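Reader: Hey, could you walk me through this structure? I'd like to start with the aromatic rings.

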Amino acid sequence: LLLGFIVSFVATLVLVYSRDYMHDDPEKGRFFALLSFFAGSMLGIVYSVSFAQLFIFWEFVGLSSYFLINFWYRDPVVASSARKVFTVIVLGDILLLLGFLILGNAFGTFTFSEMIRQRVHVALPVAGVLLVLLGAFTKSAQMPFSLWLPWAMEGPTPVSALLHAATMVKAGIFLIARIYPLVAAAHLLPFVLVFGLI
(Lines give C-alpha, C1' and ligand atoms only; values in the text may rest on other atoms or scores of the structure.)
Protein backbone atom coordinates (compact mmCIF):
# COMPACT_ATOMS: atom_id res chain seq x y z
CA LEU A 1 0.00 0.00 0.00
CA LEU A 2 2.81 2.41 0.94
CA LEU A 3 4.75 1.76 -2.26
CA GLY A 4 1.59 2.16 -4.31
CA PHE A 5 1.08 5.56 -2.68
CA ILE A 6 4.69 6.55 -3.38
CA VAL A 7 4.43 5.59 -7.07
CA SER A 8 1.12 7.46 -7.41
CA PHE A 9 2.42 10.53 -5.57
CA VAL A 10 5.63 10.78 -7.60
CA ALA A 11 3.77 10.17 -10.86
CA THR A 12 1.29 12.93 -9.97
CA LEU A 13 4.12 15.38 -9.27
CA VAL A 14 5.74 14.56 -12.61
CA LEU A 15 2.42 14.91 -14.44
CA VAL A 16 1.87 18.33 -12.86
CA TYR A 17 5.40 19.43 -13.76
CA SER A 18 4.92 18.10 -17.30
CA ARG A 19 1.96 20.40 -17.94
CA ASP A 20 4.28 23.40 -18.24
CA TYR A 21 7.28 21.53 -19.61
CA MET A 22 5.33 20.01 -22.52
CA HIS A 23 2.93 22.94 -22.97
CA ASP A 24 4.12 23.86 -26.46
CA ASP A 25 4.79 20.36 -27.74
CA PRO A 26 2.29 19.48 -30.51
CA GLU A 27 2.23 15.83 -29.40
CA LYS A 28 1.69 16.38 -25.70
CA GLY A 29 -1.45 14.20 -25.75
CA ARG A 30 0.65 11.20 -26.74
CA PHE A 31 3.17 12.11 -24.05
CA PHE A 32 0.57 12.18 -21.25
CA ALA A 33 -1.00 8.93 -22.48
CA LEU A 34 2.41 7.21 -22.36
CA LEU A 35 3.22 8.70 -18.96
CA SER A 36 -0.08 7.40 -17.58
CA PHE A 37 0.56 3.98 -19.14
CA PHE A 38 3.96 3.90 -17.43
CA ALA A 39 2.53 4.91 -14.04
CA GLY A 40 -0.22 2.29 -14.31
CA SER A 41 2.34 -0.38 -15.20
CA MET A 42 4.45 0.55 -12.17
CA LEU A 43 1.39 0.21 -9.95
CA GLY A 44 0.78 -3.18 -11.55
CA ILE A 45 4.27 -4.29 -10.46
CA VAL A 46 3.63 -3.10 -6.91
CA TYR A 47 0.29 -4.90 -6.58
CA SER A 48 1.21 -8.15 -8.38
CA VAL A 49 0.79 -11.28 -6.28
CA SER A 50 2.73 -13.65 -8.54
CA PHE A 51 5.74 -13.76 -10.82
CA ALA A 52 3.40 -14.18 -13.81
CA GLN A 53 1.52 -10.94 -13.08
CA LEU A 54 4.69 -9.10 -12.19
CA PHE A 55 6.40 -10.11 -15.43
CA ILE A 56 3.50 -8.80 -17.54
CA PHE A 57 3.62 -5.40 -15.85
CA TRP A 58 7.43 -5.49 -15.88
CA GLU A 59 7.27 -5.73 -19.67
CA PHE A 60 4.68 -2.94 -19.85
CA VAL A 61 7.08 -0.73 -17.89
CA GLY A 62 9.88 -1.54 -20.33
CA LEU A 63 7.65 -0.90 -23.35
CA SER A 64 6.28 2.39 -22.06
CA SER A 65 9.77 3.57 -21.06
CA TYR A 66 10.99 2.80 -24.59
CA PHE A 67 8.21 4.92 -26.11
CA LEU A 68 8.83 7.73 -23.61
CA ILE A 69 12.59 7.81 -24.16
CA ASN A 70 11.90 7.68 -27.91
CA PHE A 71 9.25 10.43 -27.68
CA TRP A 72 11.19 12.76 -30.01
CA TYR A 73 11.86 9.86 -32.38
CA ARG A 74 12.52 12.10 -35.41
CA ASP A 75 15.92 12.92 -33.90
CA PRO A 76 18.26 10.06 -34.95
CA VAL A 77 20.28 10.34 -31.72
CA VAL A 78 17.12 9.91 -29.64
CA ALA A 79 15.94 6.95 -31.74
CA SER A 80 19.34 5.24 -31.47
CA SER A 81 19.53 5.79 -27.71
CA ALA A 82 16.02 4.39 -27.19
CA ARG A 83 16.91 1.25 -29.16
CA LYS A 84 20.08 0.75 -27.09
CA VAL A 85 18.18 1.18 -23.82
CA PHE A 86 15.49 -1.24 -24.95
CA THR A 87 18.10 -3.83 -25.96
CA VAL A 88 19.82 -3.78 -22.56
CA ILE A 89 16.49 -3.90 -20.68
CA VAL A 90 15.23 -6.82 -22.80
CA LEU A 91 18.41 -8.80 -22.10
CA GLY A 92 17.75 -8.30 -18.39
CA ASP A 93 14.12 -9.32 -18.89
CA ILE A 94 15.23 -12.59 -20.52
CA LEU A 95 17.33 -13.38 -17.43
CA LEU A 96 14.36 -12.51 -15.24
CA LEU A 97 11.98 -14.73 -17.21
CA LEU A 98 14.39 -17.67 -17.05
CA GLY A 99 14.67 -17.18 -13.28
CA PHE A 100 10.88 -17.04 -12.91
CA LEU A 101 10.46 -20.24 -14.93
CA ILE A 102 13.09 -22.11 -12.91
CA LEU A 103 11.50 -21.02 -9.63
CA GLY A 104 7.97 -21.73 -10.83
CA ASN A 105 9.00 -25.22 -11.96
CA ALA A 106 10.68 -25.95 -8.61
CA PHE A 107 7.80 -24.69 -6.46
CA GLY A 108 4.89 -25.66 -8.71
CA THR A 109 3.49 -22.13 -8.39
CA PHE A 110 4.34 -18.58 -9.39
CA THR A 111 2.66 -16.95 -6.36
CA PHE A 112 5.08 -15.08 -4.08
CA SER A 113 3.42 -16.03 -0.80
CA GLU A 114 3.30 -19.73 -1.72
CA MET A 115 6.97 -19.79 -2.73
CA ILE A 116 8.00 -18.08 0.48
CA ARG A 117 5.84 -20.45 2.53
CA GLN A 118 7.20 -23.54 0.79
CA ARG A 119 10.86 -22.51 0.74
CA VAL A 120 11.71 -24.68 3.75
CA HIS A 121 10.23 -27.79 2.09
CA VAL A 122 11.56 -27.36 -1.47
CA ALA A 123 15.13 -27.68 -2.74
CA LEU A 124 15.64 -24.05 -3.68
CA PRO A 125 17.18 -23.60 -7.15
CA VAL A 126 19.90 -21.02 -6.49
CA ALA A 127 20.33 -20.45 -10.24
CA GLY A 128 16.70 -19.32 -10.48
CA VAL A 129 17.09 -16.80 -7.67
CA LEU A 130 20.39 -15.58 -9.18
CA LEU A 131 18.79 -15.03 -12.60
CA VAL A 132 15.92 -13.07 -11.01
CA LEU A 133 18.48 -10.92 -9.18
CA LEU A 134 20.41 -10.22 -12.39
CA GLY A 135 17.18 -9.21 -14.13
CA ALA A 136 16.34 -6.92 -11.22
CA PHE A 137 19.86 -5.43 -11.28
CA THR A 138 19.44 -4.62 -14.97
CA LYS A 139 16.15 -2.77 -14.45
CA SER A 140 17.48 -0.88 -11.42
CA ALA A 141 20.67 0.07 -13.30
CA GLN A 142 23.11 -1.56 -10.89
CA MET A 143 26.71 -1.80 -12.04
CA PRO A 144 27.67 -3.15 -14.54
CA PHE A 145 24.13 -2.98 -16.00
CA SER A 146 23.88 0.81 -15.60
CA LEU A 147 25.17 1.58 -19.11
CA TRP A 148 21.60 2.23 -20.31
CA LEU A 149 21.04 5.21 -18.00
CA PRO A 150 22.95 7.88 -20.01
CA TRP A 151 21.16 6.82 -23.20
CA ALA A 152 17.81 7.11 -21.44
CA MET A 153 18.41 10.81 -20.76
CA GLU A 154 17.58 11.59 -24.40
CA GLY A 155 13.89 11.58 -23.51
CA PRO A 156 12.05 14.65 -22.17
CA THR A 157 13.13 15.76 -18.68
CA PRO A 158 9.89 14.58 -16.98
CA VAL A 159 10.60 11.11 -18.36
CA SER A 160 14.05 11.10 -16.77
CA ALA A 161 12.54 12.29 -13.50
CA LEU A 162 9.84 9.61 -13.41
CA LEU A 163 11.58 6.65 -15.00
CA HIS A 164 15.16 6.89 -13.94
CA ALA A 165 15.38 9.03 -10.84
CA ALA A 166 12.18 8.02 -9.07
CA THR A 167 10.40 4.82 -9.99
CA MET A 168 11.73 2.50 -12.68
CA VAL A 169 15.15 2.01 -11.13
CA LYS A 170 13.35 1.19 -7.88
CA ALA A 171 11.38 -1.63 -9.54
CA GLY A 172 14.38 -3.92 -9.35
CA ILE A 173 14.98 -3.08 -5.71
CA PHE A 174 11.29 -3.65 -4.98
CA LEU A 175 11.48 -7.09 -6.60
CA ILE A 176 14.51 -8.02 -4.50
CA ALA A 177 12.65 -6.94 -1.35
CA ARG A 178 9.62 -8.95 -2.47
CA ILE A 179 11.63 -12.17 -2.74
CA TYR A 180 13.98 -11.42 0.17
CA PRO A 181 13.25 -14.71 2.01
CA LEU A 182 14.21 -16.65 -1.14
CA VAL A 183 17.39 -14.59 -1.55
CA ALA A 184 18.31 -15.26 2.07
CA ALA A 185 17.52 -18.98 1.75
CA ALA A 186 19.74 -19.15 -1.36
CA HIS A 187 22.59 -17.49 0.64
CA LEU A 188 22.85 -14.71 -1.95
CA LEU A 189 22.63 -11.75 0.44
CA PRO A 190 26.41 -11.07 0.24
CA PHE A 191 26.08 -11.03 -3.57
CA VAL A 192 23.28 -8.45 -3.35
CA LEU A 193 25.28 -6.40 -0.83
CA VAL A 194 28.34 -6.27 -3.06
CA PHE A 195 26.29 -5.17 -6.08
CA GLY A 196 24.48 -2.57 -3.99
CA LEU A 197 27.70 -1.11 -2.62
CA ILE A 198 29.27 -0.92 -6.07
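Reader: So which residues do ring pairs link into a cluster?

Author: Ring pairs join F31, F32, F71 and W72 into a cluster. Keep in mind that this is a predicted model.

Reader: How many aromatic pairs turn up in the whole structure?

Author: A search of the whole structure gives 16 aromatic pairs. One of them is F31 with F32, an edge-to-face pair with 5.6 Å centre to centre and 85° between the planes.

Reader: And is F31 buried or exposed?

Author: F31 is buried, at a relative accessible area of 0%. F32 is partly exposed, at 22%.

Reader: What about F145 and F195, why is that pair called stacked?

Author: Their planes are at 5°, so the pair counts as stacked, since the cut-off for stacking is under 30 degrees. The ring centres are 6.4 Å apart.

Reader: Where do those two sit in the chain?

Author: F145 is in the loop between α6 (126–139) and α7 (148–152), while F195 is in helix α10 (residues 189–197). They're 50 residues apart, so the pair links distant parts of the chain. F195 counts as buried, with 13% relative accessibility.

Reader: OK, switching to helix α1. Which residues are buried there?

Author: G4, V7, A11, V14 and S18 are buried in α1. Looking down the axis, the buried residues fall within an arc of 100°, so they line one face of the helix.

Reader: And which ones are exposed on the other side?

Author: L2, F5, V16, R19 and D20 are exposed on the other side of α1.

Technical notes
Residues numbered from 1 in each chain as written. Predicted model: local features only at pLDDT ≥ 70, side-chain atom pairs only at ≥ 80, totals over all residues. Heavy atoms only, no water. Phe/Tyr/Trp six-rings, centres within 6.5 Å; stacked < 30°, edge-to-face > 60°. Buried < 20%, exposed > 50% of the residue type's maximum accessible area, 1.4 Å probe, protein only. Helix = DSSP H or I, 4+ residues; strand = E, 2+ residues; numbered from the N terminus. Arc of directions from axis to C-beta.
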